Amino acid sequence: MELKINNQTKQFATDSLTVQALLDFEIPIKQNGIAVAINNTVIPKSDWNSYQIQETDNILIISATQGG
C-alpha cells in the first residue's frame with residue numbers, strides 16, 4: 001500500500017491499515033498530543049482503531065510541541 005503522509009509518499013507491506021496501526025508504524029513510542037486528518041477531516045482518537053485508510057487518502061499527522 002502506498003500512502004501520502006505529510007506530503008511524503010511511503011510504502012507499507014499491507015493492504016489494510018487503520019489509523020492506529022499507521023501511527024504504531026510512524027510514531028511507535030509516544031502518541032500523546034497527536035492529531036490525524038485524512039482528506040482534510042480530523043479523525044477523532046476514538047475512531048483510530050476502526051477507521052480504515054484507503055490508498056488514495058491524503059494523511060496529515062500533527063504532533064503538539066512545547067515552547068514559549
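Student: Which residue in S2 does Glu 2 stand opposite?

Tutor: Glu 2 stands opposite Gln 11 in S2. Before we go on, this is a predicted model, where local features need pLDDT of at least 70, side-chain atom pairs count only at pLDDT 80 or more, and totals for chains, interfaces and linings use all residues. Residues are numbered from 1 along each chain as its sequence is written, and side-chain values use heavy atoms, with hydrogens and water left out.

Student: OK, and in what sense do S1 and S2 pair?

Tutor: Antiparallel, over four bridges. Two strands pair if DSSP finds at least two bridges between them. Strands (E, at least two residues) and helices (H or I, at least four) are DSSP runs, numbered from the N terminus.

Student: How many residues sit between S1 and S2?

Tutor: Two, and the strands form a hairpin. Asn 6 in that turn has a positive phi of about 50°. Asn 7, in the loop between S1 (2-5) and S2, has a positive phi too, near 65°.

Student: Where is Asn 40?

Tutor: Asn 40 is in the loop between strand S3 (34-38) and strand S4 (41-42). Its phi is positive, about 65°, although Asn 40 is not a glycine.

Student: Is Asn 40 buried or exposed?

Tutor: Exposed, at 81% relative accessibility. Asn 7 counts as exposed as well, at 62%. The cut-offs are under 20% relative accessible area for buried, over 50% for exposed, and partly exposed in between (1.4 Å probe, protein chains only).

Student: New topic. How many salt bridges does the structure hold?

Tutor: One. The side chains of Glu 26 and Lys 10 meet at 2.7 Å, N to O. The pair links distant parts of the chain, with Glu 26 in helix H1 (residues 19-26) and Lys 10 in strand S2 (residues 8-11), 16 residues apart. A salt bridge here is a side-chain nitrogen of Lys or Arg within 4 Å of a carboxyl oxygen of Asp or Glu.

Student: And how exposed is Glu 26?

Tutor: Partly exposed, at 26% relative accessibility. Lys 10 is partly exposed, with a relative accessible area of 26%.

Student: Which residues of H1 are buried?

Tutor: Val 19, Gln 20, Leu 22 and Leu 23. They cover an arc of only 160° around the axis, so they lie on the same side of H1. That arc is taken from the directions from the helix axis to the C-beta atoms.

Student: What do they pack against?

Tutor: S1, S3 and strand S5 (58-63). Contact means heavy atoms within 4.5 Å.
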